[in-house]
Amino acid sequence: MSVGFTSSVETDEGAVATIRRGLAAAPVLRNGLWVTFALAALGSAGRVVVPILIQQAIDKGIVGQSSGQPVDVELVARLAAIGVVAVLISGVAFRQASYRLSVRSERALYDLRERLIGHIHRLSLADHGEERRGGLVARVTSDIETLAQFFQWGGMSWMRNSALMLIVSIVMLAYDPLLASVAFVVALPLALVLRAVQRRLVVAHGEARERNGEMLGAVAEVVSGAASIRAYQAGDHMGGIVRDATDRKARQQIRAAWYGAFLFPSGEVFSVFTVSAVVVVGVWRGSAGGLTAGAVVGFIFLTYRFLEPIAEFTEIIDQTQTAVAGLRRVLSVLDMPVGPPAPETPESLPDGSLAIDVEAVTFRYPNTDVDVLRDVSLAIPAGQQVAMVGATGSGKSTLGRLIARFADPTAGNISIGGVDLTIADPFELRRRLVVVSQEPFLFDDTILANIGFARPEKSADDIAAVIADLGATEWIDALEDGVHTRVGERGDGLSAGERQLIALVRAGLADPDVLILDEATSSVDALTEVRIARALERLAAGRTTIAIAHRLSTAARADRVLVLADGVLVEDGHHDELIAVNGPYRRLHDAWISATSL
Amino acid sequence: MLSLHPRPFAFSFAGAAVFALATVASSFAIRWVIDNVVLPRFEDGPGGGSVSTGTVVTGVALIIGIGVVRAVGVVFRRAFASEGMWRVAETYTNQVVERLVRQPVSWHRRHADGDLVARAGVDTESTVSVIAPIPFASSTVLMIIVSTVWLFLTDVPLGIVAIIVFPLVVVTNIVYERSVSEHYTRAQTQLGEFSAGVHESFEGVQLVKAYGAEHRETERLAVLADRVRASRVEAVARRSWFDALTDMIPALANIALVLLGAVRVDSGDLTVGEFTSVIFLFTLLVLPLRLIGYALSELPRSMAAWTRIQAVVNEPVEPDPHALIGEPGQGVGVHLENVEFRHDASTGPALSGIDLELANGKVTALVGPTGSGKSTLADLVLGLTAPTAGTVSLAPGARAIVFQEAFLLSGTVRENVEFGSAVSDDAIWEALHRAAADDFVRDLPDSLDTIVGERGVSLSGGQRQRVALARALARNPAVLVLDDTTSALDPATEAVILDRLRSTLDATVLLIASRPSTIALADDVVFLSDGRIAGHGNHADLLERVAEYRHIVEAFESDRAGTQ
């Protein structure tokens, strides 16, 4: 079970740098961004129509009314008509802007997802450890979702509100530069307040997320340890641990909420000071500088408009921060180097059965300082059946992976059919060399689909022929829906042995020239064991086969046994020969015997 | 929900009322300032009339004072609404967890882990998300009522124009919710499918690579991602019109107010101050009005989550199978009589006709092929599951089980051994010694106080098993069940542990064994096949009498690699 714990791993990269890199990675979004912004600005223009109208109405229509002159209703009506047109135009522009931004951001995120999936599939297997899988899935799903959330709400909000502030500033300056300057100067300290509180808010939100992760961790322990908790009657104890964790989370969330609550009306508080300043300065100057009553009233409205977006900014700042963090994690995956590079001029492999040559191969996993393989050389003639044995950590599985080119050696060369792996056509290599894990993965689909995965172009008849060839027809026919039986998640609907059998048929459909078998350590019931052995024998016939063996019997049956210890090839020969000399194989053999007998 | 934590919500509602009234009052202030300060100053053309400083100060004080009161109202409303919301979420989480620790193992086996964690976690947050906007919504309602009354008192025709807008915005909201929610719901479902696909594809990455299917898989997942995109774009096409409309309707109404206001000023029914303040008040009302629909849109999601929480909280706690365990006769450690177990009524029995008596202090190995019911039998013996028929009796005293997968808390070694009951340091070290774990624990950086990490990640599999074993031994159990516990240990350590168990513990021990070296350490063997006991005796005896047992042991010997 994986629960979405938030990781607090952050790099030093600033938000702006991340956004810049993000835009570079998403050209669809970047292109035409200025057009979108211009539309958003036009869309925001509708918000200044009313203040302007009021100013005009008061100055040109209403003022003087108190001294007996009639209101110029006709003029006000004409102005209102212009206002209506302006509102309609800006409304449509606003709609276009938000639609454009959404469509493009969704397209960009789709592209990013596709690139990310392709990249992750090409990462080396060392980067695909079980402990990292949840993280990789989160990059493609939830991290991109934080961006999608951002573009649905926050992105448009930033665009529109900054456009609004810009336009309102321009209108204010156009009316009266002095009053505008007064308004800006009085509002300026708000920027400092916002910065100070917003930083605390971001930290508080981050801590709240951490407390939430801890709480989920505590709940997950209660759930996954249910059996142990019951067995030891530790329910009250565990309940107490969770209660502490939920309390800590609630406290932190509330602390963050207080910061948010103070930040939210800060724009409004500053507007009343700014409005007051505007009134005082406006009244002090009077009509001397060409200032009118309408302009002062219009200014009051504009000032409120100018600071109105602040409340919304404080609401989206956290969402923005989350989105930037998500983007940073996404980009960091795209920065990870992929597995073995594809050759520039791929060379095809010779027809027929293939020999394998390993020359002075040394291998070390990235970021470690131990050689898993040290100067290993060996030659496997075409068609030979080889078993590789050795203790856990001896390097036998690694050697198998290198021969399949899931990674390249740190030093030395491997060639197949005389062609060096680094220049061999990767598509042909995957067609002609197949790795079968005996703890195989099955998709949540039918048996037919799982077998067909090896060669999607093959027909159901081809698959039936392979099933018959490997002697699995009887078993599959006995299942309720035959080959159309669904195997369940990870193949959970089948036994371990049945999953292995399907994996063998899948390999059979691929009809490879080289077969690398990674044997299972788990036990299988006797009947299936027989079926697997028979299928394996038929599958291996006539192909160069390397079995990474965990079973004594496999080694005993092979043409040749390779013994690895601590990354070094220590013995090479037939089972009988190696038993005869009192070497590492003999000792391994004896240990097996003693562990499996009474 | 609000009644769970009434205090913060009371503060929040008070703040909301202050906010609403101050909002209406602020338009009074603007009106006063315009009528008494701005207009008189600009009255008589160039040069202007004069206004006393006192009047200006009063006007400014009015604006600032009301503005500050309004802000304080906002702070109270928001902060206490959040406080109440998070406290309610906490209460719900605790209620769910309270149930989780009470329900027996059989209940837990019927529920997916991830689902239960979601109910205690994300569902509680979704449920309470509807709470936070309630005080805000209430202040909006109050504001609308007060300002409508005030508008009508000021000028009836203006009042009529203004209130027409309120239902219009609400109707737009409803229409929008109807036309858009299905697309968002669909997008959410499609996102779920996409996530499942990604998870599966990454899980099977080795297979994908082995068959060179990277491109195919990327394309397959891209199709799923594109469906999410298409649904969202569809929703956005509608939402963007809604957003534009909720912007345009109030703006148009505002223009109408200006026009109508000018007419009313002309006819002498309205002062310029009144005229401006009506428009000002209207502007202040627009934002809350737009947001109220957004707040309501959380309701369905919240209800769904609340239902899921209630399902767990209201489910009666199933009877504890522990309570059904009886006491066997003198000298007997474990006694099962005619025990049967079915996973559910429709399937055949997983275990049937189990009659088993283990003498006090004996070590018995439980052997059988995969799926023969060994773990189920272990659960029945320890009272983790109740038999569907028959009785289980255990010698009095503590009981303990160690599972195949050791379960460790993320706390310290000490907390893991104590596991909720107080154990002295000496007793902890004694238990660790018997579990052959004292040496490595002593070498840990903080010894007993070393934090083992989530699920004990900082320890090896064998070390985790031994800490879990020490937890069991610290209780000096009269009955101890080891469910393939020692399979992660090498045979030599296994032998040391069993030896110490025998010499220091007077317990009846049942060992589930999957390798010969474990069988060799037991006094007796119980052989389980197809849910029935197919043999009970010593190893040599069973080898001779039971063909299937012989077969399985031979399979171990000929083919099975044990530890390496």
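In this predicted model, S437(A) has D518(A) as its bridge partner in β7(A).

Stepping back to the whole sheet, six strands of chain A form an open sheet with mixed pairing, in the order β6-β7-β8-β3-β9-β10. At its edges lie β6 (433-437) and β10 (568-573) of chain A, each pairing on one side only. From one strand to the next, the twist averages 20 degrees. Helix α12 (residues 396-403) of chain A also packs here, touching β3, β7, β8 and β9 of chain A, and its direction makes about 150 degrees with that of β8(A).

The axes of helix α6 (residues 133-154) and helix α7 (residues 156-203) of chain B come within 6 Å and cross at roughly 150 degrees. Because angles over 145 degrees count as roughly antiparallel, α6(B) is roughly antiparallel to α7(B). The crossing is left-handed. Among the residues making the contact are I144(B) and L151(B) of α6(B), together with I163(B) and F166(B) of α7(B). The contact residues divide into eight nonpolar, three polar and no charged.

Finally, the two chains meet: 125 residues of chain B are in contact with 126 residues of chain A. Helix α9 (residues 214-266) of chain B gives the most to chain B's side, with 29 residues. That side comprises 71 nonpolar, 28 polar and 26 charged residues.

Key:
Residues numbered from 1 in each chain as written. Chains lettered and ligands numbered in written order. Predicted model: local features only at pLDDT ≥ 70, side-chain atom pairs only at ≥ 80, totals over all residues. Contact = placed C-beta atoms within 7 Å. Helix = DSSP H or I, 4+ residues; strand = E, 2+ residues; numbered from the N terminus. Nonpolar A, V, L, I, M, F, W, Y, C, P; charged D, E, K, R; others polar. Axes fitted to C-alpha atoms, helices over the stretch in contact; angles between N-to-C directions. Parallel < 35°, antiparallel > 145°, perpendicular 65-115°, else oblique. Left-handed = near helix turned anticlockwise from the far one by under 90°. Pairing = 2+ DSSP bridges.
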